[in-house]
Amino acid sequence: MVDTRNWFKTLPHTRQRKLLASQRDGLKIKVNGQSLLNFSSNDYLGLSVNPQVCAAVHDAVNQHGLGSGASRLISGDDPLFHQFEQELAAWKGFESCLLVGSGMLANIGLMQILADRFTHVFADKLNHASLLDGVRLSGAKHLRYPHADLETLTQLLQQNTDDKRIIVSDGVFSMDGDAADVKELIQLAEDYDTLLVVDDAHGTGTLGEAGKGLIAGAGVAGHARLIEVGTLGKAFGSYGAYILGTEQMIEGLRQRMRTLIYSTALPVAVIAGAKEALGIIKIGALVHQLQDHVRYFLHHSKGLNLLPSISPIQPVMLGSDANALKASAALKEQGFFVPAIRPPTVAEGQSRLRITLSATHSQEEIKALTEALANCV
Ligand SMILES: *Cc1c(COP(=O)(O)O)cnc(C)c1O
């Protein structure tokens, strides 16, 4: 018998992670029977529990059942996928769109197609794990530049002049909440003849005019060198992901993307929910409420060690694992759920509380959180 114990190395106590078997109850979360206000969800607009969205899902389940039964390229496709793809592309300002299973699958499949061992990929050090893994799987030469350091990126572009080059960046960064300078990235892509991939999972539904995100906000949507990736699992309150680009790029993905071809299509009901959610996002009221909440939170958190974030992701920097765990436990006692984020998710010494705001929080709840934070950190 093989002894597998050493294959799963034990982590030190402060690094162990737990699956909480928590239960979501509207905007609250139940952990071990205790009901807490949830300040850790990416459901930025509360659309996962929106009655209109949930009704659309119910209707779709009644009509189409649950699972889609096969890959989109066999028999799992549905007209609703195509309608929603067109609607998303038009809203975001791109020629074409492809829906896939999740953000993780989108980035892994995308990088596998775009890059090979003759490609140089230039990537921000803080990019999401899905982009990192996608590049690794592709076998490309992986050049990582310090977070948001476009000077170093420029030097790397000057030093590595292969034919196939791709710059890859998160839009809004998932653990820091700050945003990439996408205008400057597009300029570099033009100057150095590269492709640019931006994953704006967190900017969509939260930033810019009616939540169109960072790319549309910067006025570079639909650029011929640009591919945008996003998820339906965050502000859309649903599940799944999308890739936006020129018609030619997206057709290339339809033909070859392994995580699309060899994976079961999303349930139609999940897309029906996301489509209803987009209709609500477009109205703009929830997005504006969220943006107001971010300003309100910042106004009441002046004493905290925050990172410069304009997004609903607001990290309170606490240094050690122990500090972050202690603060998280203290907040829990006062009824707030804000988990500690520790290495390896973030760098050594950068443990933090990662607060995420939602449009459906009230100002009173946000104020109470800032008071509790001031007392415990
Ligand atoms: C959450 C996230 C993903 C993963 O998306 P899922 O749909 O949850 O798999 C990818 N990229 C970024 C930047 C994310 O924040």
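Biologist: Is Lys282 buried, partly exposed or exposed, and what is its relative accessibility?
Modeller: Keep in mind that this is a predicted model. Buried would need under 20% relative accessible area, and exposed over 50%. Lys282 falls in between, so it counts as partly exposed, at 36%.

Biologist: Which residue does Lys282 meet in a salt bridge, and where does that partner sit?
Modeller: Side chains of opposite charge can pair when their charged atoms come close. Here the N to O distance is 2.9 Å, and the partner of Lys282 is Glu87. The pair links distant parts of the chain, 195 residues apart: Lys282 belongs to helix H10 (residues 268–283), while Glu87 sits in helix H2 (residues 79–92).

Biologist: What about Asp162, which residue does it form a salt bridge with?
Modeller: Asp162 lies in the loop between helix H5 (150–159) and E7, and its partner is in strand E6 (residues 141–145), 21 residues apart. Asp162 is partly exposed, with a relative accessible area of 29%. The closest N and O atoms of the pair are 3.4 Å apart, and the partner is Lys141.

Biologist: Arg72 has a salt bridge too; which residues are joined with it in one network?
Modeller: Arg72 is buried, at 11% relative accessible area. Its side chain meets that of Asp77 at 2.8 Å, N to O, and Asp77 is partly exposed at 30%. Salt bridges that share partners make one network of Arg72, Asp77 and Glu85.

Biologist: Why is strand E4 largely enclosed, and how many of its residues are buried?
Modeller: In a regular strand the side chains alternate between the two faces of the sheet. In E4, Ser96, Leu98 and Val100 are buried on one side, and Cys97 and Leu99 on the other. The strand (residues 96–100) is largely enclosed by the rest of the structure because the buried count is five of the five.

Note on methods: Residues numbered from 1 in each chain as written. Predicted model: local features only at pLDDT ≥ 70, side-chain atom pairs only at ≥ 80, totals over all residues. Heavy atoms only, no water. Buried < 20%, exposed > 50% of the residue type's maximum accessible area, 1.4 Å probe, protein only. Helix = DSSP H or I, 4+ residues; strand = E, 2+ residues; numbered from the N terminus. Salt bridge = Lys/Arg side-chain N within 4 Å of Asp/Glu carboxyl O.
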